[in-house]
Amino acid sequence: YETSELEKGMAVVHRIQLQYEKERLLDKAEQTVAAFDEAVRNLRRERFKLDADLKMTDLRMLVLLQELRLLKEFEKRDNALVAKLDGKREEKTDIVMRISECQGKLAGRKAEIDKLNPRQVLGEFNQLVPETNKFHEQLLKIFKKKIKRQRKKAVKEGEEEDEDEDEGSEDEDEDMSDLDEDEDMS
């Protein structure tokens with residue numbers, strides 16, 4: 001069976017149409033693949049960007065955790081220092097109270113010493129030990145004797161009060177020496 005010219009022409013036209021359709025479909029497929037590849041590239045870029053953001057967020061969270069630990073340590077230290085400060089303030093208040101008590105005692109002692117008249121003290125001595133007593137002269141020398149006390153270099157708290165009393169005694173001894181000078185002048 002032989003094909004006519006018309007059929008051959010139609011077959012050629014049909015082949016050209018098919019060729020054109022094939023090229024169009026291939027172009028469309030290439031465009032779709034290219035668009036898909038571009039979309040994949042965009043998604044990959046976005047994924048990298050999100051990964052980078054996640055890593056930065058993780059790093060920031062680590063930094064914040066370290067800062068939190070440091071802040072907790074500082075808070076513990078602050079609390080310890082505040083407690084220590086409160087203790088020292090109480091200690092200072094206690095010391096100030098003791099100083100004021102000691103100053104009050106000292107003022108009282110000075111008032112007592114000021115009230116004592118050396119002649120009056122000598123009069124009391126003479127009443128207690130009359131001149132007729134055989135030890136009167138020796139006791140009078142001891143009574144008028146000036147006592148010099150030495151201070152210790154390392155003074156303990158309990159000994160401070162004793163020294164304050166000793167200082168008062170020294171003042172009295174000095175008053176007695178003044179009495180001697182008054183008698184010598186008479």
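How far apart in helix α1 are D51 and R47? They lie four residues apart, about one turn of the helix. I will come back to that pair after some ground rules.

What we are looking at is a predicted model, in which local features need pLDDT of at least 70 and side-chain atom pairs count only at pLDDT 80 or more, while totals for chains, interfaces and linings use all residues. Residues are numbered from 1 along each chain as its sequence is written, and side-chain values use heavy atoms, with hydrogens and water left out.

Helices here are DSSP runs of H or I with at least four residues, numbered from the N terminus. Helix α1 covers residues 5–115.

Now the salt bridges. The term means a side-chain nitrogen of Lys or Arg within 4 Å of a carboxyl oxygen of Asp or Glu. By this rule there are five, and I will go through some of them.

Back to D51 and R47: their closest N and O atoms are 3.7 Å apart. D51 is partly exposed, at 34% relative accessible area, and R47 is partly exposed at 48%. Partly exposed means between buried, which is under 20% relative accessible area, and exposed, which is over 50%, using a 1.4 Å probe and protein chains only.

Next, R24 and E21 form a salt bridge, with 2.5 Å between the closest N and O atoms. These two are three residues apart in α1, about one helical turn. R24 is partly exposed at 39%, and E21 is partly exposed at 31%.

K88 and E91 also pair up, at 3.9 Å from N to O. They too sit in α1, three residues apart, about one helical turn. K88 has 46% relative accessibility and E91 has 42%; K88 counts as partly exposed, and so does E91.

Now to α2 and α3. Helix α2 is residues 118–128, helix α3 is residues 136–144, and their axes come within 11 Å and cross at roughly 150°. Axes are lines fitted to C-alpha atoms, for helices over the stretch in contact, and angles run from 0 to 180 degrees between N-to-C directions. The two helices are therefore roughly antiparallel, a term for angles over 145 degrees.

Which residues of α2 and α3 make the contact? From α2 they are V121, L122, F125 and N126; from α3 they are H136, L139, L140, F143 and K144. Contact means heavy atoms within 4.5 Å. By class, there are six nonpolar, two polar and one charged residues. Nonpolar is Ala, Val, Leu, Ile, Met, Phe, Trp, Tyr, Cys and Pro; charged is Asp, Glu, Lys and Arg; the others, Gly among them, are polar.

Methods. Parallel < 35°, antiparallel > 145°, perpendicular 65-115°, else oblique.
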